[in-house]
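Biologist: I would like to learn how to read a model like this one feature by feature, with the cut-offs stated as we go. Could we begin once the structure is in view?

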Amino acid sequence: MKVPRYEYGAQFGDDLDVVVERIRSALVLGRYGAGEEVSAFEQAFADYVGALHGRGVNTGTDALVIALRALGIGPGDEVVTQANTFNATVAAICLVGATPVLVDADEDTFLMDVARLEPAITSRTRAIIPVHLYGRPTPMAEIVRLAGAHGLDVVEDAAQAHGAVTGGVRVGSIGRLGCFSFHPSKNLAAAGAGGIIVTGDEELATRISRLRALGQHGQNNHLVVGGNTQLDAIQAIVLQAKLPRLDGWNARRRDVAALYRAGLSGLPGIRVQDPVPDGDEHVYHLFQIRTVERDRLLRHLVEAGIDAVVRYPVPIHLQPAFGDRGWRVGQFPVAERLADELLCLPIRPDLRETEVEYVVEIVRRFFTGSPT
Ligand SMILES: *Cc1c(COP(=O)(O)O)cnc(C)c1O
């Protein structure tokens, strides 16, 4: 049996012809840029998240860069995030000229270890970027409290967590700004690149509108220096068609995760992300299992036709790109262990029960030498 990680056709189902027809008319009419299709999707996504405003950009990375710029963060400022994240979170901080400050991960949630957050805050700190990694919502109450106490802004990196819920609200709506990616691998995927920033703050939304469009306010009037990064109409059409399916997909991802959890429970060699508190909702962008036998297990799975993969085997602080930051081996030991021990099993909304059972059987066989 082959168990692939992505099945893009399944994301459109019966809607495919409708989407193609909408794209066809956009192509013929020359409606490519920031028009009705884009603003309709921006509003629909903001409504979905529970934020007032949405501003589409080219990528999730651009969303983070523009969010930081909108807050006026730049050289001399520090931004605190976690040591275990995707490169883009930290790259965005560097791209605006600010200084990234890392805090280690938590052994059980694989998220920011909030207990280490306060010691990382200095007089130069301007913002905190929690990352809702793998689709698990970060508990926000303590982060919001610390931000308030120190006069900092919270920018959520929700690139892996469209629809995740914590404390009764969706992630992205809790911080001053929430950033999402629509990269084809994410839970809500464009047919190419895409990203969005959501916020409840109208003045920030206006600033973002300028920063994503060469600083323009009206025609030929450039108020600030801005890049050029906007969601295009074709992506907005695709995303608008998929958005109503997102909750159903996330529920299916939770079902698959529950099957994995049940099937793998009792295996002494394996740990999984701690379950979320009651009422919170994980959206399982990835299903990560943790084992010291990671590399051997990966080979075993791949040989059995299972598209398992390792994400971020080299943690941020040991990446050559950040070699000038003064970080060293051993500085963030939990992030290092997670980088050595995590492995993603295939998870997609359309993964069949037989496929999940097959993956479970192959994993169990690795640890027990027998199918049960
Ligand atoms: C994907 C991702 C990004 C960047 O999004 P792109 O659209 O690929 O630029 C940022 N942060 C996290 C945590 C991500 O997973």
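Helix H5 and its cover

Modeller: What covers the buried residues of H5 includes E4 and strand E5 (153-157). The model is a predicted one, in which local features need pLDDT of at least 70 and side-chain atom pairs count only at pLDDT 80 or more, while totals for chains, interfaces and linings use all residues. Residues are numbered from 1 along each chain as its sequence is written, and side-chain values use heavy atoms, with hydrogens and water left out.

Biologist: How should I read the labels and the word "buried", and which residues of H5 are buried?

Modeller: Helices (H or I, at least four residues) and strands (E, at least two) are DSSP runs, numbered from the N terminus. Buried means under 20% relative accessible area, exposed over 50%, and partly exposed in between, with a 1.4 Å probe and protein chains only. In H5 the buried residues are Ile143, Leu146 and Ala147. They cover an arc of only 100° around the axis, which puts them on the same side of H5; the arc is that of the directions from the helix axis to the C-beta atoms. The face turned away from that buried side carries the exposed residues Ala141, Gly148 and Ala149, and H5 is followed by Gly151, whose phi is positive, near 70°.

Biologist: Which residues are buried in H9, and what do they pack against?

Modeller: In H9 (residues 294-303), the buried residues are Arg294, Leu297 and Leu301. Seen down the axis of H9, they fall within an arc of 65°, so they line one face of the helix. They pack against strand E11 (287-290), helix H10 (333-341), strand E12 (342-345) and helix H11 (353-368). Just after H9, Gly305 takes a positive phi of about 85°.

Biologist: Which residues have a positive phi although they are not glycines?

Modeller: Tyr134 has a positive phi of about 65°, and Tyr284 has one of about 40°. Tyr134 lies in the loop between strand E4 (125-129) and helix H5 (141-150), and counts as buried at 3% relative accessibility. Tyr284, in turn, is placed in the loop between strand E10 (271-272) and E11, and with 8% relative accessibility Tyr284 also counts as buried.

Biologist: How many disulfides does the structure hold?

Modeller: A disulfide is a covalent bond between the sulfur atoms of two cysteines. In the model the criterion is a pair of cysteine sulfur atoms within 2.5 Å, and the structure holds zero disulfides. For Cys179, which is in no disulfide, the nearest cysteine sulfur is that of Cys94, 16 Å away. Cys179 is buried, with a relative accessible area of 1%, and Cys344 counts as buried at 1% relative accessibility.

Biologist: With which residues is Thr229 in contact, and where does Thr229 lie?

Modeller: Contact means heavy atoms within 4.5 Å. Thr229 lies in the loop between helix H6 (202-211) and helix H7 (233-242), where Thr229 is buried with a relative accessible area of 4%. Leaving aside its neighbours within four places in sequence, Thr229 is in contact with Gly56, Val57, Asn58, Asp62, Ile66 and Arg212. The C-alpha atoms of Thr229 and Ala63 are separated by 9.0 Å, although these residues are 166 residues apart along the chain.

Biologist: And which residues does Thr89 touch, in the sense of contact?

Modeller: Thr89, placed in helix H4, counts as buried at 1% relative accessibility. With neighbours within four places in sequence left aside, Thr89 is in contact with Leu64, Thr81, Ile129, Val131 and Asp157.

Biologist: What lines the largest pocket?

Modeller: On a 1 Å grid over the protein atoms alone, a pocket is an open set of points where a 1.4 Å probe fits, with protein on both sides within 12 Å along at least five of seven lines, and lining residues have an atom within 4 Å of a point. The largest pocket is lined by 24 residues, of which Phe86, Ser181, His183, Ser185 and Lys186 lie nearest its centre. The elements that give two or more residues to this lining are helix H3 (60-70) and helix H4 (87-95), and the largest share, three residues, comes from H3.
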